[in-house]
Amino acid sequence: MIETQEISKTYRLGDIKVRALRKVSLKIQDGEMVAIIGPSGSGKSTLLSILGCLDVPSKGVYLIDGKPVEGLNENQLAAIRREKIGFVFQQFNLLPRTTALENVMLPMYYSGVRPKMRLQNAMEALAAVGLSDRARSHPNQLSGGEQQRVAIARALVNKPTILLADEPTGNLDTQRGDEVMRIFQKLNRENGQTVVYVTHDPFIARHTNRIIQLVDGRIVSDELVADPFDAGTPRPDDLMTTHWGTVENDEEDA
């Protein structure tokens, strides 16, 4: 479903060249649940932005369903983001003056969905995250975990095949973070949703069956940590220690 072929991303800050990604190649199959983990500045959020068609690589090839993204115009990229990809961020980004139901319905206004279907789809999405009874509540009436679940429902409402999450538990305590990760697991197990999420927390990373580690813009490990058909099985304690590894600096342009 998702494939990158030696993608690199370089930013320029004045005269300074920042190599965010360096020749990253990976494949993520339909129905996988994958954690991308690494320290601050490792390039994980940059990689997720490219996978979500929010950014483009400086070099290399990115393919979705075997088709290269390079060369697509903004309308075509927007269609992919609207129809194929759901996004969840660390910040909940809910509109404060609207109810949970109205927040979830918002993406469908841009998709031309009829009002009756908007209501039905939004209620189904809220039910999927266990918030049917909070549909009429405003964000300030919801806990942090409930707000993030509303954000997940909003990401699901257009029925995307890929769900991308950037530090989805970063603003939550351990218990609420665990609840959110269990929702991702359920979506992956029961709906076959492809889930890719970024985290710096090894405990959160263990909620999946595959962990990709980035350091200095390079993949330093890509390992299966649980049975692919039992995503989210906790790792044994002796496997929970994360070692970021080292990457040799070079002068090669990204």
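Trainee: At what angle do helix α3 and helix α4 pack?

Mentor: This is a predicted model, where local features need pLDDT of at least 70, side-chain atom pairs count only at pLDDT 80 or more, and totals for chains, interfaces and linings use all residues. Numbering runs from 1 along each chain as its sequence is written, and side-chain values use heavy atoms, with hydrogens and water left out. Helices here are DSSP runs (H or I, at least four residues); α3 covers residues 100-109 and α4 residues 115-128. Their axes, lines fitted to C-alpha atoms over the stretch in contact, lie 9 Å apart, and the angle is about 125 degrees.

Trainee: So is α3 roughly parallel or oblique to α4?

Mentor: Angles run from 0 to 180 degrees between N-to-C directions. Under 35 degrees counts as roughly parallel, over 145 as roughly antiparallel, 65 to 115 as roughly perpendicular, and the rest as oblique. With about 125 degrees between them, α3 is therefore oblique to α4.

Trainee: Which residues of α4 does α3 meet?

Mentor: Contact means heavy atoms within 4.5 Å. From α3 come Leu101, Val104, Met105, Met108 and Tyr109. On the α4 side they meet Met117, Arg118, Leu119, Asn121, Ala122, Met123, Ala125 and Leu126.

Trainee: How many residues does the largest nonpolar core have?

Mentor: Such a core is a set of buried Ala, Val, Leu, Ile, Met, Phe, Trp, Tyr and Cys residues joined through side-chain atoms within 4.5 Å, buried being under 20% relative accessible area (1.4 Å probe, protein chains only). Val104 and Leu126 are among those with the most contacts inside it, and α3 and α4 each supply at least two of its residues. The count is 39 residues.

Conventions. Buried < 20%, exposed > 50% of the residue type's maximum accessible area, 1.4 Å probe, protein only.
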